[in-house]
Amino acid sequence: MPNKNFYITTTLPYINAEPHIGFAKEIINADVIARYHALKGDDIFFNTGTDEHGLKIYQKAQGLGVSVDKYCDDSALKFKVLQELLNLSCNSFIRTTDVKHVAAAQEFWRRCEKNGDIYKKKYSTKYCVGCELEKTDSELVDGRCPLHPNAELEIIDEENYFFRFSAYQKKLLKFYEENPEFVVPNHRFNEIKNFVAGGLQDFSVSRLKEKMPWGITVPGDDNQVMYVWFDALVNYISCLGWPNETAEFKNFWPGVQVCGKDNLRQQTAIWQAMLMSAGVANSKQVLVFGFLTLNGQKISKSLGNTIDPRELVEKYGVDPVRYYLLKEVSTFEDGDFSYEKMEKLYNADLANGLGNLVARTSNLLEKNEIELQLVENSDTDFSRAVFAALDEYNFSEALKIVWEKIKQSDEFLSQTTPWKMTEKEQITNTLRPVAQNILNIAYCLQAFLPETAKKILRQFSYAQVKKGDSLFPKIV
């Protein structure tokens, strides 16, 4: 049976600030999904990158007194290093300043314009630079954007190009009806369906170049640049080589997109209408994640309460950071980060749990010179249960199943006390099922904790298992 093609993409983080743990959570979620599909034998295209146009970027570079090109190059590199830092399996990193993306965005514009969905008009509106979105009075709290309460709203009063979003209400609702699994979780799907059913307003897709020169030039009008959202969304197909009929585009699109709940409208309505206008197939599915909070408050660049993932990895290691974000933070609901909970979970589940089980089992096997012939993924009921939770994107539940197997193995060793036995055959018969459990656990952990899983799989693949270095030294 031939392998299936699977495409997944994150949103592109805006480079006006340092990478933070909120985006790290998004991209780790995507990585688990990609690794899971690879484990099943699928061919994977996993995209991420950086969003580099718009007013925020222009203002940031000006404030630092550097060219916008240099600012973008330096900032994009900080996001690219997340691939190694977080042990990500992504094989595509696109920048919206890439030549191929610029060409694709301009061709996308032409196709929407040819379809009659781009027109020019004069207008005035309130604009949140933090969101890079227009805001109606009903969306504001005390005259400010609730997501960026510390930022003054811009007043835009000019002639720009507009996208005929209003023409796609019925088409979007029909698409949602025909694709009941399109948005996960379901309450986010209901939210966007209600939004679209309430009526859609056309939105501006360009800015005057004299006021905002950092953007992709509008085809046929050198006085205007593309609105950052219109430009950036095209990355999901430009990374696959669109508009050329490349093998990547033909084989992998449509795909799965992941985003935060503040991206719901852009990913599940605006982008889908744009695809319809340009004559490109709609996305396969959009997974909408909750926010990561710190002491109950959203972690965000605008609020200045970000946590640097580099510091966490340097302090705890990459797999412990991945474990906390996958086990303790819900996939689709908001979750809170706490250093205290991080260290408590590390010691309980990793040091005293998995790490201790592997250490004492391998120590007894080496000490007693026991040879075993273990089989990878021998317990298919166990792996099926883990994978069933993964199919529902319930990472926490999948890890609970794995750690229950760890607990059972630990309890079995405590009850049988093989370290007190003297007969080698008896010791062997006692340790064999535990060692096999460890190998099965490592097989399932490949999607979650790839570095740890690789070490255990290598260690327990030999007939004579040797005790290795401690996987998770205890935090004291």
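Ser206 counts as buried because its relative accessibility is 0%, where buried means under 20% relative accessible area, exposed over 50%, and partly exposed in between, with a 1.4 Å probe and protein chains only. The side chains of Ser206 and Gln224 are joined by a polar contact of 2.6 Å. A polar contact is a pair of N or O atoms within 3.5 Å; within protein, one must be able to donate a hydrogen and the other to accept it, and residues adjacent in sequence count only if both atoms are side-chain atoms.

When neighbours within four places in sequence are left aside, Ser206 is in contact with Trp109, Asn160, Tyr161, Val218, Gln224, Val225, Met226 and Tyr227, contact meaning heavy atoms within 4.5 Å.

## Basis of the values

Residues are numbered from 1 along each chain as its sequence is written. The model is predicted, so that local features need pLDDT of at least 70 and side-chain atom pairs count only at pLDDT 80 or more, while totals for chains, interfaces and linings use all residues; side-chain values use heavy atoms, with hydrogens and water left out.

Strand S1 (residues 5–9) pairs with S2 in the parallel sense over five bridges, and the bridge partner of Phe6 in S2 is Ile44; two strands are taken to pair if DSSP finds at least two bridges between them. S2 also pairs in the parallel sense with strand S3 (residues 92–95), over four bridges, and here the partner of Asn47 in S3 is Ser92. Strand S2 itself (residues 43–50) is mostly covered, since seven of its eight residues are buried.

Together, S1, helix H1 (residues 21–39) and S2 make a right-handed β-α-β unit. A crossover is right-handed if, with the strands pointing away from the viewer, the path from the first strand over the helix to the second runs clockwise.

Helix H5 (residues 99–114) has 16 residues and reaches 23 Å from its first C-alpha to its last, close to the expected 22 Å, the expected span being 1.5 Å times one less than the number of residues. In H5, the residues His101, Ala104, Ala105, Gln106, Phe108, Trp109 and Cys112 are buried. The helix is followed by Gly116, whose phi is positive, near 85 degrees.

Of the 166 residues in the largest nonpolar core, Phe108, Phe163 and Phe448 touch the most other members. The largest share of this core, eleven residues, comes from helix H17 (residues 424–445). A nonpolar core is here a set of buried Ala, Val, Leu, Ile, Met, Phe, Trp, Tyr and Cys residues joined through side-chain atoms within 4.5 Å. Beyond its neighbours within four places in sequence, Phe163 is in contact with residues including Cys112, Ile118, Phe203, Phe230 and Met274.

## Backbone features in loops

Pro243 lies in the loop between helix H9 (235–238) and helix H10 (247–252), whereas Pro254 is in the loop between H10 and strand S12 (256–260).

Asp142 is not a glycine, yet has a positive phi of about 55 degrees; Asp142 lies in the loop between S5 and S6 and counts as exposed because its relative accessibility is 78%. Glu369, likewise not a glycine, has a positive phi of about 50 degrees. Its place is in the loop between helix H14 (339–367) and H15, and at 56% relative accessibility Glu369 counts as exposed.

## Arg384 in helix H15

Arg384 is found in helix H15 (residues 380–391), where the side chain of Arg384 makes a polar contact of 2.6 Å with the side chain of Asp381. The C-alpha atoms of Arg384 and Gly130, which are 254 residues apart along the chain, are separated by 43 Å.

Conventions: Helix = DSSP H or I, 4+ residues; strand = E, 2+ residues; numbered from the N terminus.
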